[in-house]
Amino acid sequence: MNFELSDDIKLLKSTVSDFVYNEVDPYANQIEENDEIPKKIMEMSKEMGLFGLSIPEEYGGLGIGMVGKCAVYEEVGKTINGYTTVIGGHNAIGTVGIVEMGTEEQKKKYLPKLASGEYIGAFALTEPDAGSDASNLKTTAVRKGDKYILNGSKHYITNASIACVFTVMAVTDPSKGPKGITSFIVEKDFPGLKIGKKEKKMGLHGAQSFELFFEDCEVPVSNVLGEEGQGYVNALKILANGRAGLAARNLGSCIKLLELTLDFAMERKQFGKPIFEQQVIQHYLAEMDLDIETLRSMTYRVAWMVDQGMNVIKEAAMVKLLGSEVYCRIADKAVQIHGGLGYMQDYPIERYYRDARITRIYEGTSEIQKNIIAAQLRKVISSKKETVTV
């Protein structure tokens, strides 16, 4: 395994680091209060190519692999997570389906605009009765001539207010269960698609989430993504692909929290000396650093496996689980070390603490990741038994 970054990726990583520190961070409090990313930041992000990280160069993107994308996400994760989520959601679940499963016609139509940021991508799977059980979808798609008619609703859809293109999962054959689900590319202006109310969240301010309603929404047959009946499989592939990237974003946030906490521990004095001199504080910091290095190693290992085209169903679940749990542990220790200051909204520690909590829920809860890991272990055991029997 070779995780060494190319010179081009190192330069991009450095450029993104400077951008995050000098341009995004100064707007963090404004983003938190207004729940919106300033147009200036969005435009600068487009100019840097941050909306086309993994879209192939032939369609106007940067075409970097998962290791390179994780290197960029690590830097993006060091700022307000609302911005991180807008960028990450677009590049992962918002576009990867079209990149990997789209027809050539679909790629030529959508990818150049998605790569430039003219179009923002979003992923619409979750429904009121279909969260962890993604196969329990109620949104339907009935074919009528050269169109499908979609009816139903989605919620918790990140980037919905700014998205132009949605990857939507809907039931085309209710009798087939998960095998009766199909994925569609739905444009925001298609007749019958309506954006519902904005959902108020504990954290991730700046990455707005909305309800979606499909009321006889007309979608051309040419906008079926992949094959009919493969939507559930497509959804699992899209989610698995993005999990290493999500871990990298969490890694960046953890690194930032350790930096802030270490600086505070060296400066804050109690009982006549910096609190860093207290053994319990040293132990907390050591545990934070250990968690970070563990997460870093697994994140880039899984990213490398993705770039090699390997099956990463189990490993993707593992790294998503690890990244989520590590982020929450580190955020909790950061608040504890900062004491009352860590609980105040005037300082970023409190914001990171709230933002961390969703990582154990979205894009598959920690419990679901454990189910996936266990299911893969069962396959290994069954395979060994079959081999012995033969």
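**Cores, strands and a well-covered helix**

Of the 67 residues in the largest nonpolar core, four touch the most other members: Leu50, Val72, Tyr83 and Leu257. A nonpolar core here is a set of buried Ala, Val, Leu, Ile, Met, Phe, Trp, Tyr and Cys residues joined through side-chain atoms within 4.5 Å. Buried means under 20% relative accessible area, exposed means over 50%, and partly exposed is in between (1.4 Å probe, protein chains only). There is also a second, separate core of 27 residues, with Leu114, Leu125, Ile181 and Ala235 among them. Keep in mind that this is a predicted model, where local features need pLDDT of at least 70 and side-chain atom pairs count only at pLDDT 80 or more, while totals for chains, interfaces and linings use all residues. Residues are numbered from 1 along each chain as its sequence is written, and side-chain values use heavy atoms, with hydrogens and water left out.

Back to Leu257. Leaving aside neighbours within four places in sequence, Leu257 is in contact (heavy atoms within 4.5 Å) with Met288, Tyr327, Ile330, Ala331, Ala334, Ile349 and Tyr352. One of these, Tyr352, has Arg351 lying over its face, at 5.2 Å from the ring centre. For that label, NZ of Lys or CZ of Arg must be within 6 Å of the ring centre and within 35 degrees of the ring normal. Thr261 is found in helix H8 (residues 231–267); helices (H or I, at least four residues) and strands (E, at least two) are DSSP runs, numbered from the N terminus. Thr261 counts as buried because its relative accessible area is 0%. Beyond its neighbours within four places in sequence, Thr261 is in contact with Leu285, Met288, Ala334, Ile337 and His338.

How many residues of helix H4 (residues 66–76) are buried? The count is 11 of the 11, so H4 is largely enclosed by the rest of the structure. Val72 is one of those buried residues, and Lys69, Glu74 and Glu75 are also on the list. The cover over the buried residues of H4 includes helix H1 (7–24), helix H5 (81–91), H8 and helix H9 (279–307).

Now for the strands. Strand E2 (residues 140–144) and strand E3 (residues 147–158) run antiparallel and are joined by five bridges; two strands pair if DSSP finds at least two bridges between them. Val142 stands opposite Ile149 in E3. Two residues sit between E2 and E3 in this hairpin, and Gly145 in the turn has a positive phi of about 65°. E3 is also joined to strand E7 (residues 209–220), again antiparallel, by nine bridges. Along that pairing, Ser153 stands opposite Phe213, and Lys154 stands opposite Leu212. E7 pairs with strand E6 (residues 193–199) too, in the antiparallel sense over five bridges, with Ser209 in E7 as the bridge partner of Glu199.

A couple of backbone angles deserve a look. Most residues other than glycine have a negative phi. Tyr156, in strand E3, has a positive phi near 60°. Asn159, in the loop between E3 and strand E4 (165–171), also has a positive value, near 70°. Are these two residues buried or exposed? Tyr156 counts as exposed because its relative accessibility is 54%, whereas Asn159 is buried, with a relative accessible area of 2%.

The structure holds two aromatic pairs. Rings of Phe, Tyr and Trp (its six-membered ring) pair if their centres lie within 6.5 Å; planes under 30 degrees apart count as stacked, over 60 as edge-to-face and the rest as tilted. Both Tyr148 and Phe184 are buried.

Finally, the domain records. UniProt lists residues 122–217 for "domain: Acyl-CoA oxidase/dehydrogenase middle" (unreviewed entry); its positions are given in the numbering used here, feature names are shortened, and annotations may be inferred rather than shown by experiment. Over residues 122–217 the chain is 0% helix and 52% strand, with the end C-alpha atoms 17 Å apart. For "domain: Acyl-CoA dehydrogenase/oxidase C-terminal" (unreviewed entry), UniProt lists residues 229–377. There, over residues 229–377, the chain is 77% helix and 3% strand, and the end C-alpha atoms are 27 Å apart.
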